[in-house]
Amino acid sequence: AGISGQYGGLLNLDTELTGNHFALAAHYEMQARRTAVKAQVVKYGHNQRNQAGEPEDILALAAYGAPYLIASEGTVLTLCLSYSIPVKLNPVNLLQLYNDFGYLNKASSGFEDSYMNVTGVLVSAGNVFTYIDAAAGKNHPWLGPEWNDALAAGTPGAVWHLRFNINIGYYF
């Protein structure tokens, strides 16, 4: 179990004024034989010192050169469960079944909350790790049609979207 916190400045590139941001988290991790549980609660907020008339309840970010908006304040809840099965299928030595759930409760009234659930299996073979999973999301930019506003206001009446994923990594 643990807690953490973060506080710092937040420079608005348009106004050249520095606001602030914070995050507070509590987390718990438990391993009992082959079963693992991880849980976390995060409260975050951003004060970006916008120009007059610009909304204060959203913040613009970017990933891979593509900008998108997020709610400037919210609470994130995550719960992850896994079960490990040792195997002897050379070179595979471990199968780990998992389910990871995430929920973003946005502080602004009228904003639609965001959800993500990933169910899958990790196949471990020496230094090669393969994740095979089904990821479902609602008001989630990587798992639905709405990129720009999914983590901000969201879409009223949004439905769940599903994506099948295979990720192979070699760790050295």
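**View 1. Aspartate 113 in the loop between β7 and β8.** In this predicted model, aspartate 113 belongs to the loop that links β7 (92–106) with β8 (114–125). The residue is buried, yet it has no salt bridge. A salt bridge would require a side-chain nitrogen of Lys or Arg within 4 Å of a carboxyl oxygen of Asp or Glu, whereas the nearest side chain of opposite charge, that of lysine 106, is 6.0 Å away. The side chain of aspartate 113 does make a polar contact, at 2.7 Å, with the side chain of tyrosine 103. Beyond its neighbours within four places in sequence, aspartate 113 is in contact with Tyr103, Leu104, Asn105, Lys106, Lys138 and Asn139.

View 2. Most of β8 is covered, with 9 of its 12 residues buried. On one pairing, β8 joins β7 in the antiparallel sense over 11 bridges; here valine 123 of β8 stands opposite leucine 95. β8 also runs antiparallel to β9 (residues 128–138), to which 11 bridges join it. In this pairing, serine 124 has phenylalanine 129 of β9 as its bridge partner. β8 and β9 form a hairpin with 2 residues between them. In the turn, glycine 126 has a positive phi of about 65°.

**View 3. Tyrosine 7 in strand β1.** Tyrosine 7 is part of strand β1 (residues 2–12). Its relative accessible area is 63%, and therefore tyrosine 7 is classed as exposed, the cut-off for that class being over 50%. Leaving out neighbours within four places in sequence, the contacts of tyrosine 7 are Asn20, His21 and Phe22. Threonine 155 lies 148 residues from tyrosine 7 along the chain, and the C-alpha atoms of these two residues are separated by 30 Å.

View 4. In soluble globular proteins, nonpolar side chains tend to be buried together. The largest nonpolar core of this model has 13 residues, of which Ile58, Tyr68, Ile70 and Leu151 touch the most other members. Two or more residues of this core are given by each of β4 (58–63) and β5 (66–71). The largest share, 4 residues, comes from β5. Not counting residues up to four places away in sequence, leucine 151 touches Tyr68, Leu69, Ile70, Ala71, Leu104, Lys106, Ser114, Asn139, Pro141 and Trp142.

Technical notes:
Residues are numbered from 1 along each chain as its sequence is written. This is a predicted model: local features need pLDDT of at least 70, side-chain atom pairs count only at pLDDT 80 or more; totals for chains, interfaces and linings use all residues. Side-chain values use heavy atoms; hydrogens and water are left out. Buried means under 20% relative accessible area, exposed over 50%, partly exposed in between (1.4 Å probe, protein chains only). Lys and Arg count as positive and Asp and Glu as negative; His and the chain ends are not counted. A polar contact is a pair of N or O atoms within 3.5 Å; within protein, one must be able to donate a hydrogen and the other to accept it, and residues adjacent in sequence count only if both atoms are side-chain atoms. Contact means heavy atoms within 4.5 Å. Two strands pair if DSSP finds at least two bridges between them. A nonpolar core is a set of buried Ala, Val, Leu, Ile, Met, Phe, Trp, Tyr and Cys residues joined through side-chain atoms within 4.5 Å.
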